[in-house]
Amino acid sequence: MVTTVRINDMLMEALLYLITPCSRNARRLGFLQESVAIIARHRRCRNAWTPHLVRSKQTILEAMRRTVGQHRAVILGAGLDYDLPLTELADHFDEVLLVDLVHSPRIRLAAWRARNIRLVTHDVTECLAQLVKGQDNITQPSRFLDDPLVDLVVSLNIASQLPMLPARFLENRKGKTEAETEAVGRALVEAHFNYLARFRANVCLITDVEREILGPEGCLIKRISALCEAEVPWAGPTWLWDIAPLGEEDWSYALRNRVIGIPCLSGSERVE
Ligand SMILES: C[S@@+](CC[C@H](N)C(=O)[O-])C[C@H]1O[C@@H](n2cnc3c(N)ncnc32)[C@H](O)[C@@H]1O
């Protein structure tokens with residue numbers, strides 16, 4: 001039974017890999033593969049993920065209620081839309097921009113059906129093109145900062161993902177050391193937080209901050225930063241996300257993320 005599920009997943013992943021459009025750089029870095037893998041993992045772990053996806057949606061709806069203006073909402077990391085109240089956003093705002101390197105077929109269909117949802121294929125770090133060449137100086141992103149129509153920006157479960165694949169690429173393909181890639185990862189996350197802090201619009205941040213490795217009995221084996229040791233400079237409510245229950249990756253451990261969700265950065269306490 002388990003084998004059949006895995007084979008079905010593999011076939012579905014192969015098909016999605018073939019039909020999902022993706023730029024050459026994003027494909028080289030592994031973003032398409034990762035997006036397809038998340039779709040399959042979501043199918044397998046749907047029940048365990050539901051509380052996290054519901055909290056994410058509630059946080060965005062709270063952000064929407066606290067936003068002055070209804071012109072444009074920009075969702076950074078929209079890719080798969082599992083954690084996004086897309087219908088409510090599209091009903092409330094004149095335009096919703098879904099920003100990601102990869103847009104799944106499901107989100108493409110939603111955008112095709114709605115007149116005011118627009119897909120924007122864009123690298124949120126604005127420096128992956130240099131990283132692919134092995135240049136690891138991290139620049140500050142600026143897209144949308146000068147757009148007067150933007151009323152709401154949501155950084156949606158993306159901050160911890162920004163360094164993940166670039167770090168793997170730099171280590172495996174460019175011969176960087178673990179310490180070097182960790183420093184690049186941290187700089188990417190910090191540049192993202194600085195970017196969010198520069199918007200005049202309301203900004204909502206949802207990100208995992210810590211990963212917990214749990215043993216078969218549920219006891220904590222190890223806790224690691226999900227953000228390459230970068231600190232979230234704002235305080236807010238947190239919750240747990242059972243991202244890989246026992247057996248998903250291995251029967252000897254489970255993975256759990258601690259996630260922070262802040263609907264309005266300007267209204268939250270700053271952590272120094
Ligand atoms: C954990 S997923 C969250 C996706 C989505 N919110 C969901 O329903 O689960 C992280 C997303 O960030 C995107 N991403 C990672 N790095 C990116 C970058 N530099 N620019 C744009 N998108 C990026 C990935 O393609 C992926 O869709």
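How many helices and how many strands does the protein have? The protein has eight helices and eight strands; helices (H or I, at least four residues) and strands (E, at least two) are DSSP runs, numbered from the N terminus. Before I go on, please note that this is a predicted model, in which local features need pLDDT of at least 70, side-chain atom pairs count only at pLDDT 80 or more, and totals for chains, interfaces and linings use all residues. Residues are numbered from 1 along each chain as its sequence is written.

I begin with the overall form. For 272 residues, a compact globule would have a radius of gyration near 19 Å, and the 18 Å of the protein agrees with this. That radius is taken over C-alpha atoms, and the globule rule is 2.2 Å times the number of residues to the power 0.38. The C-alpha trace spans about 50 × 40 × 40 Å along its principal axes. Of the 272 residues, 38% are buried. A residue is buried if 20 or more other C-beta atoms lie within 10 Å of its own, exposed if 12 or fewer, and partly exposed in between, with C-beta atoms placed from the backbone.

Next, the ligand. Around the ligand there are 22 residues, of which Gly77, Gly79, Leu80, Tyr82 and Val124 come nearest; a residue counts as near if its C-beta atom, placed from the backbone, lies within 6 Å. Helix α3, residues 31–65, gives the most to this shell, with three residues. By type, the shell divides into 12 nonpolar residues (Ala, Val, Leu, Ile, Met, Phe, Trp, Tyr, Cys and Pro), six polar and four charged (Asp, Glu, Lys and Arg), the others, Gly among them, being polar.

Helix α3 also holds His52. Is His52 buried or exposed? His52 is buried, because 23 other C-beta atoms lie within 10 Å. Leaving aside residues up to four places away in sequence, His52 touches Trp239, Trp241 and Val259, where contact requires C-beta atoms, placed from the backbone, within 7 Å. The C-alpha atoms of His52 and Asp242 are separated by 8.1 Å, although the two are 190 residues apart along the chain.

Finally, helix α7, residues 164–173. Its buried residues are Pro166, Ala167, Phe169 and Leu170. They lie on the same side of α7, because they cover an arc of only 160° around the axis, taken from the directions from the helix axis to the C-beta atoms. Their cover includes α2 (24–29), α6 (128–132) and α8 (178–197). Just after α7, Gly175 takes a positive phi of about 65°.

Terms used:
Contact = placed C-beta atoms within 7 Å.
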